[in-house]
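Subject: The structure we talked about

Hello,

Here is the structure I promised to pass on. Have a look at it first, and then read on for what I found.

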Amino acid sequence: MPAVTIADIEAAAERAADAAIVQRTPVERSRSLSERCGAEVMLKMEHLQRTGSFKTRGAHNAVARIVEAREDPDHDGPPVERVVAASAGNHAQGVALAASNAGIASTIVMPESAPQAKIEATRNYGADVVLHGNTFPEAMAHARTLADDPTTRFIHAFDDPDIVAGQGTLGLELVEQVPDLDTVIVPVGGGGLIGGVATAIKARRPDVRIVGVQTEGASTIADSLAKGEPVTLDDLDTIADGIATGGVSELTFGLIEEHVDEVAVVSDDDVAAAILLILERAKQMVEGAGAVGAAALLNDDVVAELDIEGETVVPLLCGGNIDITSLQEVLTHALVDRHQLVELAVRIDDKPGKMGEISTIIGGQRANIRTVRHERSRPDLPVGDADLVFEVETNGPTHMNRVTDALRDAGYEVECTTGITGSGGNGGNGGGGENGTPR
């Protein structure tokens with residue numbers, strides 16, 4: 001498959017400029033991340049594309065090329081009447097929108113595990129959605145079987161030069177918006193985004209460092225680079241479903257090998273923390289894959305390895321299509337990790353009135369009780385005793401310690417089952433953050 005060149009990306013940018021589908025997304029400074037990293041951190045708000053993802057860029061370019069071929073009198077073969085794609089959601093929406101805008105039918109195969117919000121959005125953009133398999137590779141295999149007609153074109157999510165060239169327009173945009181750019185941090189799934197962005201930026205600014213980031217449960221790039229060929233991963237486990245492709249293609253691997261300077265790996269915990277920080281501080285809602293770049297800046301080991309102090313650094317917020325259920329799970333996990341949502345087991349003499357008494361003590365410390373349950377059947381409980389297990393919202397470790405101290409002062413035995421016990425603590429991140437000051 002031919003490599004993607006800067007000329008291909010420039011042509012894609014011209015096509016995008018002629019349509020209202022692809023937006024020029026803003027770049028805004030993150031004060032929180034800048035202070036944390038000792039760098040000037042600028043967030044590329046690519047999740048503000050119409051479909052909520054950078055994927056609109058590549059999809060528009062691929063469909064525009066199909067339209068050009070249909071209008072070319074010298075083009076051989078029948079005109080394309082339908083496009084087929086496989087996607088966990090973002091590529092799906094991009095292709096559906098671009099095809100509908102061009103008057104071309106589209107069929108999108110999505111894993112049965114795809115977020116409902118992405119499924120509904122893809123249908124709303126005019127696509128015929130087929131749910132098949134539990135993983136992206138399974139959906140991909142089925143999609144290929146639906147594109148065996150000469151009037152049907154299969155549009156791969158990343159193994160397609162037109163797709164990669166379209167994604168590369170983000171790189172051209174970025175070097176114009178941030179003239180003093182030093183490092184770009186790019187989430188990596190199938191490699192289409194980083195392949196295109198790295199090709200564009202290195203052509204214009206070869207001194208800029210390109211860093212690819214994956215999650216632990218979907219990490220293939222480091223092994224691929226070590227072995228000199230694409231490595232696939234069948235067992236994927238990450239909250240960043242948008243980058244859970246299981247590997248890169250020969251096309252994107254070649255671009256990564258040529259243009260990408262470093263690769264980093266973050267945990268799902270880092271990603272959850274990044275989603276919460278971006279929501280609280282930047283007032284932006286992004287999905288797991290969209291937060292992976294920012295997550296790298298919350299991982300102390302990654303920050304130390306990259307040595308970005310004093311640099312201008314841009315993590316790409318490349319997607320914002322997170323459904324409410326997933327958001328609730330991620331935020332709950334992040335709040336527990338920050339000790340702003342804690343579980344307290346309070347041993348009681350199982351008599352009437354104890355729940356009200358303990359609830360009054362917790363409320364007196366300005367903590368909010370989410371849920372409470374009785375535990376009477378544990379084998380270590382003495383006869384007549386019980387545990388009241390409270391799920392409590394606090395402002396962080398110090399606030400939680402005030403609650404537990406108040407319960408102990410009242411004579412209750414308390415165990416915090418979310419990892420912090422005793423007095424002291426280093427304070428919490430709190431919900432107030434920067435008192436509403438964005439970025």
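This is a predicted model: local features need pLDDT of at least 70, side-chain atom pairs count only at pLDDT 80 or more; totals for chains, interfaces and linings use all residues.

Residues are numbered from 1 along each chain as its sequence is written, and side-chain values use heavy atoms, with hydrogens and water left out.

Back to threonine 122. This residue is buried, with a relative accessible area of 0%; buried means under 20%, exposed over 50% and partly exposed in between, with a 1.4 Å probe and protein chains only. Leaving aside neighbours within four places in sequence, threonine 122 is in contact with Gly89, Ala92, Gln93, Ala96, Ile108, Met110, Ala127 and Val129 (contact means heavy atoms within 4.5 Å). Leucine 225, 103 residues away along the chain, has its C-alpha atom 34 Å from that of threonine 122.

The whole protein

The protein has 16 helices and 14 strands. Both are DSSP runs numbered from the N terminus: helices are H or I with at least four residues, and strands are E with at least two. The C-alpha trace spans about 90 × 45 × 40 Å along its principal axes. Of the 439 residues, 54% are buried. Among contacts between residues at least 6 apart in sequence, 73% join residues at least 24 apart. The accessible surface comes to about 18200 Å², and 45% of that belongs to carbon and sulfur atoms; the areas come from the Shrake-Rupley method with a 1.4 Å probe, and for residues only the protein chains shown count as cover.

As for charge, there are 35 positive and 69 negative side chains, and the centres of the two sets lie 7 Å apart. Here Lys and Arg count as positive and Asp and Glu as negative, without His and the chain ends, and the place of a charge is NZ of Lys, CZ of Arg, CG of Asp or CD of Glu.

A four-stranded sheet

Next, follow the open sheet of four strands, which are ordered E12-E13-E11-E14 with antiparallel pairing. Strand E12 (368-375) and strand E14 (413-416) are at the edges with a single partner strand each, so one side of each has no neighbour in the sheet. From one strand to the next, the twist averages 25°. Two strands count as paired if DSSP finds at least two bridges between them.

Going through the pairs, E12 and E13 are joined over seven bridges, and histidine 374 has leucine 388 in E13 as its bridge partner. Nine bridges join E11 to E13, where aspartate 349 stands opposite aspartate 385. Strand E11 (residues 341-349) is also joined to E14, by four bridges, with alanine 345 opposite glutamate 415.

Two helices accompany this sheet. Helix H15 (residues 354-364) packs on the sheet and touches E11, E12 and strand E13 (385-393), with its direction at about 30° to that of E13. Helix H16 (residues 397-409) lies across E11 and E14, running at about 5° to E11. Axes are lines fitted to C-alpha atoms, for helices over the stretch in contact, and angles run from 0 to 180 degrees between N-to-C directions.

Other places to look

Strand E2 (residues 40-44) has four of its five residues buried. Strand E1 (residues 27-29) pairs with E2 in the antiparallel sense over three bridges, and valine 27 stands opposite lysine 44. Strand E10 (residues 312-315) pairs with E2 in the parallel sense over two bridges, with valine 41 opposite valine 313.

In helix H10 (residues 250-259), the buried residues include Leu251, Phe253 and Leu255. The buried residues of H10 pack against helices H7 (161-177), H8 (192-204) and H9 (221-227) and strand E8 (209-215).

Finally, two loop residues. Lysine 283, in the loop between helix H11 (268-281) and helix H12 (288-296), has a positive phi near 60° although it is not glycine. Lysine 283 is partly exposed, with a relative accessible area of 41%. Histidine 339 has a positive phi too, of about 60°, and is found in the loop between helix H14 (324-337) and E11.

Best wishes
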